[in-house]
Every structure is written in structure tokens, then in C-alpha cells.
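This report looks at how two protein chains meet. Please have the sequence and the 3D view open while reading.

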Amino acid sequence: MNIKKQFQEGLITNNPVLVQQIGMCATMAITTTLFNGVGMGLSVLIILTCCNVVVSAIRKIIPDEIRLAIFVVVIAGFVTIVDLLLQAFLPALSSALGVFIPLIVVNCIIIGRAEAFCQKNTVSASFFDGIFQGLGYTAVLVVMCVFRELVGSGKFGGGLIDVANGFRFTLDGTGGGIQIFPSEYGAGIMNLPFGGFITLGLLIAVMQYTLKKSAKKKALAARKAAEEKAKQEEDE
Amino acid sequence: MLTNILAISLGAILTNNFIFSQFLGCCPFLGCSSKVDTAAGMGLAVVFVMGLASAICWVIDTYILIPLGLAFLETLAFILVIAALVQLVEMFLKKSVPSLYSALGIYLPLITTNCAVLGVVLLNVQNNYNFIESVVYGVTGGLGFLLAIVLFASVRERIQFAEYPECFEGFPICLVSAGLVALAFMGFSGMKIF
Amino acid sequence: MSADVKKILRLSFILFLICAITAGILGVVNEVTKERIYLQKNAKTIEAYTQVLPAERYEELSFDKAAFPTVDQVGMASDGSGYVVQTTVSGAQGSITMVAGVDNAYLCTGIAIIEHSETSGLGANAASSGEVGVKFRAQFVGQGEDIALSKAGGSIEALTGATITSNAVTEAVATSIAVVKSLG
């Protein structure tokens, strides 16, 4: 396994949300401001990386029959740690994400990676897998947040960027964000559940379109190469 | 008391529907909704497990975790209870109600990772519901899920006859139609019983 | 048979061991974060109190919980300038926890929202630090028990697209004034 390939897989070709199509609940629910998206994405990234490392470290000593139960206990442990730390140090994020932080336990991304990847791979490969899959997840959240926030209320970076008293980043969720156009002209429906479904649908459609196009291009190039080769052989 | 229970039920089924307004349980919702019968099977299994999990987790939380000051172990304890419960229900149904088992069989293991189940249990704690309220919220939340998934499966059966851009094949077109159903469900928001 | 029993025992022992280790680690993390979480949670309430009715200390008063089920706690400002009331009411998406200040003439001195799960961009504006939120909350200052939305003949302008939230906040303020009145 090389790192570059893992990076590409996590972000694009095997992106957890867009290609594997798992972990959708939180993706649609919390992507209303950039603050939520970045916070949720990073929380998942940290939990995923820790779980991957632990699961692959103990993969040889756990009995096969109860491996799922053990995975769940490990995941729930890390989720609770992150939950407690957020409550203590970033209470604004904790209250904004609410029940979706403990629900990371049943997020299929984490148990899916444990089952599909970490069981069979070394600790270091699992570590990078966790980071890249987490980044892929975060990237999707960020794109969705930016889109929904802009169309829904004409803002960028809500909760994270404060422009009321000069430009600065905030971590307490109080930043109003940069107003790009007056919020009265925004399509408020994008902030509602409807917007979550539609945005994710469009995003996956774009992804499928791009992947198909690049696959076609590759096929075309391969066919051309084959034809040329055949031609050369004929000439000879 | 009665109005309270009515308000909780109405909220869980319509106004705050688990899928269309809280996004809990989207994975099985999208995964198991290609046919109306399978959707109904999944929905029934969820109603059953959500009601039972609400009751058991409430008891464990109130009589074990909170008196011992172990409230921080809630997430861990609840997910283990749900996993064990799903196993037990599966074994019990296999032995005593084989017809129901064969109807629900394949969906039962999937329920462990359904975030609607863990979600309802955590929300019960967050909202400080008492025992009856918790069970009512669990069952009616499951009924809301059942309603949503059956409605949506019927919509999906029609999608097969629709023409849409090729790149929307599969999940995207489902998500877009789910969005439209969610829009319809928004009509319920604002309904109140007092 | 005995091999089976042995196996089951071994598996349960391993599972138990892993659970115990996890619980142990969580216990340590909980010990470390417990105090901070407690402070963070209460800091919000006290900060909200000082926003609506500045005072050095607040003395907790008892009230009739059965008559006012949405009221969480009532505090009296130590200098006797008025009362602070924390209420939890249901909004459009979930419950809204907020504080309202009430002076000795039973008029609202201001409101602050502690926790809510309203839709971001609509109902959440009630709690935002932006212009819309500040303007919305400022309307409540000086209102009496007959407070109502402009739609219902009062003078509170509801937030755009968030009538339910606005109504919930308005009712909470009315309840807060009523509970203070009931104390006499």
C-alpha cells in the first residue's frame, strides 16, 4: 500500500460519502454552517484514526467471533473521550452538534474501515487510512456547508469567522460569518432538511459524472493505444 | 400526562420525523427502500427494537448508571445493550415466532448500526423523559420511521419509470426525491397539541 | 460440551477485559474533564443572568413547579433590583432554554438564550450575536405580562420564517413574568 494511492482513495476514488455512500445521516444533518462541518469532520478524523490504529494493533489477539463487539467497544470508548473533551473545551461545538457526536459510534465509516481495512493491514497503513478517509469525509462536509450556507443565507464561514470586530477566527461559535449577499435574498430552504438531501444528491451526481467521464477518457485512451499498437504490428 | 404523550407521539411521527427532520436512520432508509415489502419489514423491525431499547436503556440509565455516577458511560452502555438486544430478539424470534423471524430476519442485524435506535435512546436521556414517555417516544419514533420508509419506497418504485440524467443513477436520484418528500413533511411543522 | 463452555467463558472474559479497560480510561478522562464541563455549563447560566439583569449574586427562590412546568429556576438579584427566571420551552426543532430578567414593576429587563436547536439561519437568529438577533431580543425589554407577537395584537415582531420560535420565546417571557408575580 503506498501513501499516495491511499490519499487518492480517501479523497476521491473511494471517498467514504461520495463513493462508498456511508455515514450519510450526520452529513446531511449538521452541514448548515462551516463551524459545524469542520468540527464534525475533524472529530470523525481523530476518532477514525485512533480506532484504526488500535484495531489494527490488536487485530491478531482478538478472537474472530467477537471482533465486531470489540470494535464497537473501542469505537464507543474513543467517541466518549472526544465527546467529553469537546464538552469541556469547545462547549459551543458540543451543543451545536448535539446528539450527533455520540452517534459517531454507529457511523458506518468507522466500523466499516475497521472491518474492511484495519483487520488486514499494518498499524501504519491503518493510521494513514484513518487520516485520509477522515480528510475525505471532512472535505465533503466542508463543500456541503459552504454551498448550503451560501445559497441558504448568503454567508461564508458562519460560526468560524468573525468580521464584526475585524477579521478573526473564532472557536466559540459566535462568529457571524462573512455576509456575501443579504440573507433576505437567500433560499432559506437550503438550511432545512430538504437542502441537506438535495445538496448531497447533487454532489454525488457530480462525482459520478466526473468518475464516469474520466473512466471513459481512460478507456478511450486505452483503445487508441491498442489501435496504434495493432497498426504498428500490421505495418511491421 | 395524556396531552404530553399525544404531543410526543405526534412530534415523533410527523413534525419531528426521525428521517425527514432529524436525519436519524438515513443509511437503512436509503439502503432498504427499493421495494415496499422489504421497507415495511425493516420499518416494523425498527419499531420493535426502538421501543424495547428505549425501555431497557431507561431502566439501566436511571437505576444503574446515574446512581453510580457513571453517566459518562452512557454511550458505551447503550450501544452494547442495543447490540445484545438485537441478538436476543433474533434468537427469540428464530425459536418461537419463526414466521416473523423469516420476515424480519435479514434486517435484524442491520438495526444495531441504525442511528435512529441509538439516537432515540440518547434523546430520551437528553429530554429527561420518564419511563412511559421514553417508551412512547421510542415506539412512535419507530412508527415515524416506518411511515417514512414505506412512503419513500412507493416513491422509489415509480422512479424506475422516470427519465433522469445518467449521472443521477442510483443514490443521487433517491436523495433528491427524499428531499422532495421531506419538503412535503415540512407541511406538518407548526402543528401543536396543547 | 465442556469445550464449548470453555470457549464461551474465554470469549466473555476477553470482552469483559476490553470493556473494563475502556471504562477505566473513560473514568480517567471523565475525572479530568468533569470540573471543566460543570463550570462551562453553569458559566452559561450565570453569564446569561448578568446579561439580562446585572447583579453580584443571585439567590435561588422556590416556586410552584406544578403551576409553571416550563420554569427551571428563579433567582433574585442580591441588590433587590429584580428577578431572573430560567425557562425551557419547546421551539420549532427542540427545546429552547433561556433566561429572562424581570424587574420589581413586573416588566422584562431583557432576555438571553442559553441553549436551543432551532434551524440555523431562521429560528437560530433568536440567539445569534448578529444584528437580527440583537434587534429581536431588544424588543422584549420593557414588556409586561400582556406581551404578544404583532400578529396576535402585541408589539413583538416575529423573526422572518420563524414564527414558532418567536412565539415560544414570547410565551416564555410571559411565563417568567407570571411566575415572578406569583411569588408576590
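## The interface of chain B and chain A

Glu166(B) forms a salt bridge with Lys212(A), with 3.7 Å between the closest N and O atoms; a salt bridge is a side-chain nitrogen of Lys or Arg within 4 Å of a carboxyl oxygen of Asp or Glu.

The model is predicted: local features need pLDDT of at least 70, side-chain atom pairs count only at pLDDT 80 or more, and totals for chains, interfaces and linings use all residues. Residues are numbered from 1 along each chain as its sequence is written, chains are lettered from A in the order in which they are written, and side-chain values use heavy atoms, leaving out hydrogens and water.

The table gives the residues in contact (heavy atoms within 4.5 Å).

| Chain | Residues in the contact |
|---|---|
| chain B | 37 residues |
| chain A | 34 residues |

About 3100 Å² is buried between the two chains, and carbon and sulfur atoms give 84% of this area. Buried area is the accessible area (1.4 Å probe) that two parts lose on being put together, summed over both. In chain B, Phe23(B), Cys167(B) and Leu175(B) lose the most area to chain A, together 20% of what that side buries.

Is Cys167(B) buried or exposed? Cys167(B) counts as buried because its relative accessibility is 16%, and buried means under 20% relative accessible area (1.4 Å probe, protein chains only). Leaving aside residues up to four places away in sequence, Cys167(B) touches Ala205(A), Gln208(A), Tyr209(A) and Pro172(B).

Terms used: Buried means under 20% relative accessible area, exposed over 50%, partly exposed in between (1.4 Å probe, protein chains only).
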